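Have the structure open as you read.

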Amino acid sequence: MPMIIPPTLTEEDGALTKACEDALVAIFERYDVDKDGALSNAELDAFAKDTNGDVFDEVAREEITEFLDLDSKGQLTLKGFLQMYNLQTSSEPEETWKDLQKHGYDTNLKLVASRSEDRDEKPKKP
């Protein structure tokens with residue numbers, strides 16, 4: 001069976017590709033429940049649990065608040081979310097691929113399931 005090599009997630013200049021950014025924007029919007037353009041602590045926790053199985057630890061939260069774009073309430077903005085993924089993707093693209101797949105994206109960055117729990121659910125018997 002031939003090995004499938006997924007497309008690159010960044011451009012030559014290091015910017016996220018449009019397809020990657022579009023997928024990340026959709027993921028952000030899914031967790032921005034109150035639609036205020038930023039992830040509250042509860043929204044960020046929900047994202048982290050669905051992505052990594054647990055909330056961000058104190059060190060990760062400090063890095064988010066120190067290095068990424070936040071709104072006036074100290075909440076992670078879409079710009080900050082994309083900054084976070086740009087940093088991760090530039091050093092560990094395989095981690096970004098894992099995250100995208102957990103949120104239902106295939107190797108063509110097409111949404112095929114809403115989350116890994118949804119993909120893995122067995123059909124209920126009538």
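## Salt bridges

Searching the whole structure turns up three salt bridges, where a salt bridge is a side-chain nitrogen of Lys or Arg within 4 Å of a carboxyl oxygen of Asp or Glu. Keep in mind that this is a predicted model, where local features need pLDDT of at least 70, side-chain atom pairs count only at pLDDT 80 or more, and totals for chains, interfaces and linings use all residues. Residues are numbered from 1 along each chain as its sequence is written, and side-chain values use heavy atoms, with hydrogens and water left out.

Take D22 and K18: their side chains meet in a salt bridge at 2.9 Å, N to O. Both sit in helix 1 (residues 18–31), four residues apart, or about one turn of the helix. Helices here are DSSP runs (H or I, at least four residues), and so are strands (E, at least two), numbered from the N terminus. D22 counts as partly exposed at 39% relative accessibility, while K18, at 61%, counts as exposed. The cut-offs: buried is under 20% relative accessible area, exposed is over 50%, and partly exposed is in between (1.4 Å probe, protein chains only).

E95 and K98 make another salt bridge, with the closest N and O atoms 3.2 Å apart. These two both lie in helix 5 (residues 93–102), three residues apart, about one turn of the helix. E95 is partly exposed with a relative accessible area of 27%, and K98 is partly exposed with 44%.

D45 pairs up with R61 in a salt bridge whose closest N and O atoms are 2.0 Å apart. This one links distant parts of the chain: D45 is in helix 2 and R61 in helix 3 (residues 58–67), 16 residues apart. R61 counts as buried, because its relative accessibility is 18%.

## Aromatic rings

Now for the rings: the whole structure holds six aromatic pairs. Rings of Phe, Tyr and Trp (its six-membered ring) pair if their centres lie within 6.5 Å; planes under 30 degrees apart are stacked, over 60 edge-to-face, and the rest tilted.

F47 and Y85 form an edge-to-face pair, 6.4 Å centre to centre with 80° between the planes. F47 lies in helix 2 (residues 41–52) and Y85 in helix 4 (residues 78–91), so this pair ties together parts 38 residues apart in sequence. F47 and Y85 are both buried. They also belong to one aromatic cluster, formed by F28, Y31, F47, F56, F81 and Y85.
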